[in-house]
Amino acid sequence: MNAAQRLFLEHGVGPVTIEQITSSAAVAKGTFYLYFSSKDDLLGALRKRFAEQLLARIRSAIAKRSQAHWKERLSAWAKAIIAGYLDSMRLHDILFYASRPLSREGLIDNIIIDDLCHLLETGVAAGAWSIDDPRFTAVFLFSGVHGVVEEACAKHKKVNRVRLARRLERLCFRAVGLPIMR
């Protein structure tokens with residue numbers, strides 16, 4: 001997987017062959033087929049790994065906040081997801097845009113949304129905020145992250161990470177009905 005990722009980053013997904021991947025990884029072609037049925041299958045595994053690593057980064061940021069400080073936990077989510085996407089944007093784009101598009105379900109059925117939904121549900125249960133539909137709100141916020149990062153990158157050569165994270169944080173607060181500090 002590491003060899004494939006490196007080759008995809010260097011050459012793009014399309015031109016890279018399974019032969020190049022196995023040569024770069026110093027494994028036999030048969031070994032590749034023990035783990036993956038095709039290059040698309042490998043891309044699926046890389047997408048899964050990408051999401052798991054991003055989720056680990058988000059959870060680590062949230063874990064540094066007190067369980068009782070819900071606003072700080074939501075703020076940590078916003079800052080960590082922005083940093084995670086910006087730090088790995090090229091890989092993200094290769095895995096999720098440069099290859100075969102995901103199904104509609106693949107766009108909204110993922111572990112990042114599931115985890116945010118859980119954060120929102122536990123915040124509701126704790127009385128930290130009041131939202132009608134935590135899943136709907138999680139999908140909205142997750143999709144919004146993609147939009148704001150895409151827009152910021154399209155408009156600016158150098159993205160102001162702090163400003164972008166702060167703007168997303170305020171949007172998250174509004175979405176759950178929390179007051180916004182200036």
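Buried, in what follows, means under 20% relative accessible area, exposed means over 50%, and partly exposed is anything in between, with a 1.4 Å probe and protein chains only. By that rule Phe32 is buried, and Phe36 is buried as well. I will come back to those two.

Some ground rules. This is a predicted model, in which local features need pLDDT of at least 70 and side-chain atom pairs count only at pLDDT 80 or more, while totals for chains, interfaces and linings use all residues. Residues are numbered from 1 along each chain as its sequence is written, and side-chain values use heavy atoms, with hydrogens and water left out.

Now the overall picture. The protein has 10 helices and 0 strands; helices (H or I, at least four residues) and strands (E, at least two) are DSSP runs numbered from the N terminus. The C-alpha trace spans about 55 × 35 × 30 Å along its principal axes. Of the 182 residues, 42% count as buried. Take contacts, meaning heavy atoms within 4.5 Å. Among those with a separation of 6 or more, 67% come from residues 24 or more positions apart.

The structure holds 5 aromatic pairs. One of them is Phe32 with Phe36, a tilted pair at 5.4 Å centre to centre with 45° between the planes. The rule is that rings of Phe, Tyr and Trp (its six-membered ring) pair if their centres lie within 6.5 Å; planes under 30 degrees apart are stacked, over 60 edge-to-face, and the rest tilted. Ring pairs also bring in Tyr33, giving a cluster of Phe32, Tyr33 and Phe36.

Two charges sit over rings, which requires NZ of Lys or CZ of Arg within 6 Å of the ring centre and within 35 degrees of the ring normal. Lys71 lies over the face of Phe173, 4.9 Å from the ring centre. Arg73 has its charged end over the ring of Trp70, at 5.3 Å from the centre.

Which residues of H6 are buried? They are Met89, Leu91, His92, Ile94, Leu95 and Phe96, that is, 6 of the 8 residues in this helix, which runs over 89-96. Their cover includes helices H1 (2-11), H4 (39-63), H5 (70-87) and H9 (134-155).

Thr137 is buried, at 9% relative accessible area. Leaving aside residues up to four places away in sequence, Thr137 touches Leu120, Ile131 and Ala175.

Last, the loop between H4 and H5. Lys64 is located there and counts as exposed, at 65% relative accessibility. Its C-alpha is 8.6 Å from that of Ala76, 12 residues apart along the chain. His69 is in the loop between H4 and H5 too, and is partly exposed at 41%. From His69 to Arg90 is 21 residues in sequence and 34 Å in space, C-alpha to C-alpha.
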